[in-house]
Amino acid sequence: MSPPTMVQKPVGSVGNLKSPVVRLDSGANDAQVSFADWEKFNFAPIRESTVSRAMTKRYFNDLDKYTESDVIIVGAGSAGLSAAYVLAKNRPNLKIAIIEASVSPGGGCWLGGQLFSAMVMRKPAHLFLDELEIAYEDEGDYVVVKHAALFMSTLMSKVLQFPNVKLFNATAVEDLITRRDESSGELRIAGVVTNWTLVTLNHDTQSCMDPNTLNANVVLSTTGHDGPFGAFCAKRLETLRPKSANEPFELGGMRGLDMNKAEDAIVKGTREVAPGLVIAGMELAEVDGSNRMGPTFGAMALSGVKAAESVLNVFDVRKKQNEATYGGLN
């Protein structure tokens with residue numbers, strides 16, 4: 001068997017960069033003091049309150065802007081960020097808010113399995129790696145990225161550079177905003193209820209701490225399988241009963257590990273589960289009762305890609321419904 005080859009699309013060389021490259025020598029561009037002259041080095045002066053204002057002003061401006069979002073993605077793991085990438089690239093006019101409970105986004109995609117670093121993706125998921133210009137070793141039916149963090153850091157960097165995307169991390173979704181049609185009894189999801197994650201984790205130790213709300217035409221939930229914050233939206237549907245107030249909504253519950261069945265089922269099953277709520281990634285296994293996939297990540301990425309398509313397929317209809325209720329989005 002011949003050794004695996006490294007596949008990577010060519011990227012621009014340093015000589016093509018528009019901005020000057022910082023050199024750690026006495027000829028550093030645009031520097032009053034060379035970085036190499038550490039004895040004379042110092043930062044520009046700043047007042048502490050300036051730092052606070054720089055952060056809070058931008059954060060609350062973003063919060064004001066994205067309180068009325070077009071799409072809200074719950075969960076910034078591989079499925080959620082893959083969906084965000086496709087949505088933001090193809091629909092730059094949409095306001096996309098990403099809500100992540102952890103301080104550090106990325107979900108379980110910083111490592112492969114059992115703390116191993118390499119990431120395995122079965123084909124044709126390698127096409128998404130090509131899109132992101134991420135190098136991999138081609139092993140025939142599957143490819144291997146040398147470190148899962150390379151995939152996640154690249155994907156996250158590209159998503160966060162889109163001007164129509166805002167990530168709110170360290171923020172938990174505590175509930176869903178709902179609209180029930182009085183004639184049909186059908187429930188529509190119209191946004192999320194949020195709080196600081198540290199507050200959410202301490203409701204039992206403090207007095208009442210009410211949440212915040214963000215409206216959206218479509219919510220995409222990618223919170224993973226059952227856990228402290230996992231499968232939140234799926235589990236909430238059990239009590240919300242989206243079809244009618246009298247018709248139970250039963251979760252299938254994730255089954256045992258079967259990579260071959262699991263990945264196909266997750267991608268094929270990615271869809272709008274309830275009006276205004278698309279579910280993707282391993283959270284979908286809790287809804288449909290499909291298998292666990294284990295340490296292979298192709299379905300996470302492609303479920304995100306399909307989720308973006310599912311969002312766009314229903315977006316105009318859900319937007320029109322929201323516009324007919326309480327004045328719609330502003």
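Two strands are said to pair if DSSP finds at least two bridges between them, where a strand is a DSSP run of type E of at least two residues and a helix is a run of H or I of at least four, both numbered from the N terminus. The model before us is predicted, so local features need pLDDT of at least 70 and side-chain atom pairs count only at pLDDT 80 or more, whereas totals for chains, interfaces and linings use all residues. Residues are numbered from 1 along each chain as its sequence is written, and side-chain values use heavy atoms, with hydrogens and water left out.

Let me begin with strand 7. Strand 3, residues 96-100, runs parallel to strand 7, and five bridges join them. Within this pairing, Glu 100 has Asn 169 of strand 7 as its bridge partner. Four of the five residues in strand 7, residues 165-169, are buried, that is, under 20% relative accessible area, with exposed meaning over 50% and partly exposed in between, for a 1.4 Å probe and protein chains only.

Where is Asp 210 found? Asp 210 lies in the loop between helix 5 (197-200) and strand 10 (212-221), and it counts as exposed because its relative accessibility is 62%. Gly 294 sits in the loop between strand 14 (291-292) and helix 9; with a relative accessible area of 27%, Gly 294 is partly exposed.
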